[in-house]
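Please keep the sequence and the coordinates at hand.

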Amino acid sequence: MTHPELELQLQGEQQEIALIRLTRPHKRNAINDALILALRATFENLPKGVRVAVIDGQGEHFCAGLDLSELQERDATEGLHHSRMWHAALDRVQYGPVPVIAALHGAVVGGGLELASACHIRVADESSFFALPEGSRGIFVGGGGSVRIPRLIGVARMTDMMLTGRVYNAFDGERLGLAQYLVPPGLALEKALELARQVAGNAPMTNYALIQVLPRIAEQPADHGFMTEALVSSIAQSAPQAKARVRAFLEGKAAKVQKTS
Ligand code: 1HE
């Protein structure tokens, strides 16, 4: 399946890394209907053998958010369906088959930040900036941002971003939790691919539990969460891969945890 708004490239020794690139640089990768549908289709049809995905944007910016030129033509009912279409697509990103790493640079704004917040790891280079211009455009987030972004930075900070148009630079973005990694300009993709190789090497059941179960435990009352955790950890540890990995450590054949400087 090919989409002009999006490029899928397989990387890694076993083609286990899917590099998904937004390819509308002339529109700063603004997300029109075709692009959001292409994202959904891509995550629903990842080639067999893919174990991790990386998303980045072509050109000077990761993503300028919703393509505002399409907004003018929608009435309320169409707007509702449009927002639900984004929800469905970003649900496939967050709860798809593999962990997803966003490589961020330049503008990560509006729907671009909503897309980034549906990913599991965000790597920002120092040129990145984060904003929610919806507030000043007289609209509201519609791509799941009101659910996901407060979980990263809190309701108060998101409210401020939308009420005042506040823009966070890359340093503040990383400090607040909009990104987990900060790298020099131009190196976000390289770092994201390095992390992707590491993630692809994990036991599949561990990755599955991390992307599918951990966020759901976070939504459960503590008592239910403990029970879910016990069930999932018992399944994970019974996998042959887990047993082999633990044995390798006990026999001195696996890496120790290294102190960082
Ligand atoms: C666009 C869009 C867009 C650029 N929709 N066409 N998002 C925003 O409110 C952000 C709007 N964009 C910007 O603030 C700036 O474009 C950027 C800071 C991202 C980049 O600035 P710059 O100087 O590199 O580019 P530019 O000259 O502003 O834009 C280049 C072209 O891209 C230009 O079109 P052209 O035909 O004149 O060349 C722009 O009009 C076009 N462009 N951004 C449409 N967003 C699910 S709900 C989510 C709700 C939202 O995301 S609202 C926030 C929308």
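In which helix is Asn-207 found? Asn-207 is found in helix 8, residues 204-219; helices (H or I, at least four residues) and strands (E, at least two) are DSSP runs, numbered from the N terminus. The model is predicted, so local features need pLDDT of at least 70 and side-chain atom pairs count only at pLDDT 80 or more, while totals for chains, interfaces and linings use all residues. Residues are numbered from 1 along each chain as its sequence is written, and side-chain values use heavy atoms, with hydrogens and water left out.

Asn-207 is buried, at a relative accessible area of 7%; buried means under 20%, exposed over 50% and partly exposed in between (1.4 Å probe, protein chains only). Leaving aside neighbours within four places in sequence, Asn-207 is in contact with Pro-99, Val-199 and Asn-202, where contact means heavy atoms within 4.5 Å.

Six strands form an open, mixed sheet in the order 1-2-3-4-6-9, two strands being paired if DSSP finds at least two bridges between them. Its edges are strand 1 (6-11) and strand 9 (181-183), each of which pairs on one side only. Strand 1 and strand 2 (residues 17-22) are antiparallel, with six bridges, and Glu-7 stands opposite Arg-21 in strand 2. The hairpin of these two strands has five residues between them, and there Gly-12 takes a positive phi near 95°. Strand 3 (residues 52-57) and strand 4 (residues 100-104) instead pair in the parallel sense over three bridges; Ile-55 stands opposite Ala-102 in strand 4.

The charged side chains form twelve salt bridges, each a side-chain nitrogen of Lys or Arg within 4 Å of a carboxyl oxygen of Asp or Glu. One of them joins Arg-40 and Glu-44 at 3.0 Å, N to O; both residues lie in helix 1 (residues 33-44), four residues apart, about one turn of the helix. Glu-44 also meets Arg-92 in a salt bridge of 2.7 Å, N to O. That pair links distant parts of the chain, with Glu-44 in helix 1 and Arg-92 in helix 2 (residues 76-94), 48 residues apart. Arg-40, Glu-44, Asp-91 and Arg-92 are linked in a network of salt bridges. Glu-44 is partly exposed at 41% relative accessibility, and Arg-92 is partly exposed at 22%.

Elsewhere, Arg-166 forms a salt bridge with Asp-160, the closest N and O atoms being 2.9 Å apart. Finally, Phe-249 is found in helix 10 (residues 240-250) and is partly exposed, with a relative accessible area of 46%.
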